[in-house]
Each structure stands twice: as C-alpha cells, then as structure tokens.
Amino acid sequence: MQPLLDILAIAAHRDDVEQTCGGTLLKMRSLGLETGILDLTQGEAGTRGSAAERAAEADAAGRILGARWRQALDLPDGRIENSWENRLKIVRVLRELRPRVVILPYWQGRHPDHYTASTLGYEACFVSGLARVETGSSPHRPYKVLYASLYTDVRPTFIVDITPFIEQRNQSLMAYRSQYSNAEQGSALFVPEEEIRERTFAEARHYGQLAGVRYGEPFVQKEVGLVEDLMSLPVASM
Ligand SMILES: [Zn+2]
C-alpha cells in the first residue's frame, strides 16, 4: 500500500507542532517529502477563541507549514489519557497515512497532556503494527519514532537546522490569531506577538548554537546513531 505521508507529527494541542517542529516540517517539505499533522485535542479548554476558531486557525497554520494532511482527534483538552480506545484512534490514522517517520512530544514535561501524548503516541505506533488488532485497514508500523524535545530541558540527540524557515515557522504560529494577536482581552494572560517572536527565536537560536548553525529545533531519538564515514560527521568539536 502506498504511503500518503512520509512524516507525521503528532501533538497534544493545536500550535504545539508549530512551536516544536514546524521548521523541520517546512524543511522536509522543501526536500520534497509529504508531511502531516495530527493534533490530539481541539483546544476547547483554551481561555481565548472557540474550538471552531482554532480549527480554522490550525488549517491556516498547516497550509503555511506545507502540510498535506492535518486533522484533530476529539480527546479532551487538558486530560488526555493513554487508553486502549485512544490508542486505536491514532492507529486508524497511522494505518491510513502510513508514515515512515513519526514525530512525538518528548516523554517528560510540565504539561501532563504533552508527556501523555508521547506515551500514547508511542504505544499507538506499536499497536498499529499488530496484525491481530483489526481496524479495517492493514497494519503499519513507522520505521522511526522521533521526539521533539523543545518543551523539555533535555540534551537533544540531534538538531535540525531550520535557519531558512524560521520566519515562515513564525507565520504559522501567528496564524493562531485568537491566541496570539495583540488584543486587549485577557492581555495579562497572553503575551503579544513580539514577546512570542522573541521567545521562540531565542529558543531556536539556543539550539542552533549547540550545532553551530543559526536557528535549530531539538530532537531526541532512543536509538543510537550509526556512522559510515568519520570524515563527514557534522558539528565541530572545537
Ligand atoms: Zn501543548
């Protein structure tokens, strides 16, 4: 069966992917790969904007990121649970899209939705490969599971250089107007565009610096790296 996507990014909330791996999705798209985004919740717990507004914003952001596919599941915002039922919801998506690479949130963090989405996503990837679990479409297990680690202070396994895509990534985040525009309503709670820009660029600069590039996004993989040629290893030691 032909895969619909090369890479699927799964995250708890709309706008998580934009912040943690949006530059990477843009870069992979520029290499000709097909990318997609699965948001697990619809954002109904947010202080600003309705779920419907956020759906329209997520569509706009996905288009800016060049994603071929974007949908949101209906898991309750703020209380994502790693249940069999929820795993199956993700399995159905994985078997439909058949991505080779899946990007998940890192498995530790402050927000329970983030680390729960990580474990839930991992277990869904595993279950998706089991033939005895029937969903009406054939089993599919991704080749590679990667963890976007921006929200966690953990040493990344590798950095993706997103320097040429940082402005476009910022535009995708700014598509969430109900969350991020410089409106009066709830202004004590929400930072305006300039502050978000400063924070996200500083984070990208920090991770870029670790790898000797300008702007980067951090990832962790559980597997070791495999090297053929010591002469072509990137990132200078000194
Ligand atoms: Zn989130």
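Helices (H or I, at least four residues) and strands (E, at least two) are DSSP runs, numbered from the N terminus. The model is predicted, so that local features need pLDDT of at least 70 and side-chain atom pairs count only at pLDDT 80 or more, whereas totals for chains, interfaces and linings use all residues. Residues are numbered from 1 along each chain as its sequence is written, and side-chain values use heavy atoms, with hydrogens and water left out.

**View A. The loop between strand 1 and helix 1, with D15.** D15 is placed in the loop that joins strand 1 to helix 1. Its phi is near 90 degrees, a positive value in a residue other than glycine. D15 has a relative accessible area of 8% and is therefore buried (buried means under 20% relative accessible area, exposed over 50% and partly exposed in between, with a 1.4 Å probe and protein chains only).

View B. Because D16 lies in helix 1 and H114 in helix 5 (residues 112-128), the pair ties together parts that are 98 residues apart in sequence. Both D16 and H114 are buried.

**View C. The largest nonpolar core.** This core has 29 residues, and those with the most contacts inside it are L8, I10, L38, L40, W69, I90 and L94; a nonpolar core is a set of buried Ala, Val, Leu, Ile, Met, Phe, Trp, Tyr and Cys residues joined through side-chain atoms within 4.5 Å. Among the elements that each supply at least two residues are strand 2 (35-41), strand 3 (69-75) and strand 5 (144-148), while the largest share, six residues, comes from helix 4.

**View D. The largest cavity.** The largest cavity has a volume of about 80 Å³, and the closest to its centre among its 13 lining residues are I10, A11, T20, P105 and A148. On a 1 Å grid over the protein atoms alone, a cavity is a set of points where a 1.4 Å probe fits but cannot get out, a pocket is an open set with protein on both sides within 12 Å along at least five of seven lines, and lining residues have an atom within 4 Å of a point. Grid points are joined across faces, edges and corners, and a volume is the space filled by probe spheres set on the points. At least two lining residues each come from strand 1 (7-11), helix 1 (16-20) and strand 4 (101-105).

**View E. The second largest pocket and V235.** About 560 Å³ of space lies in this pocket, whose 17 lining residues include T157, F158, I159, P234 and V235 as the closest to its centre. Strand 6 gives the largest share of the lining, three residues. V235 lies in the segment after strand 7 (216-220), and its phi, near 75 degrees, is a positive value in a residue other than glycine.
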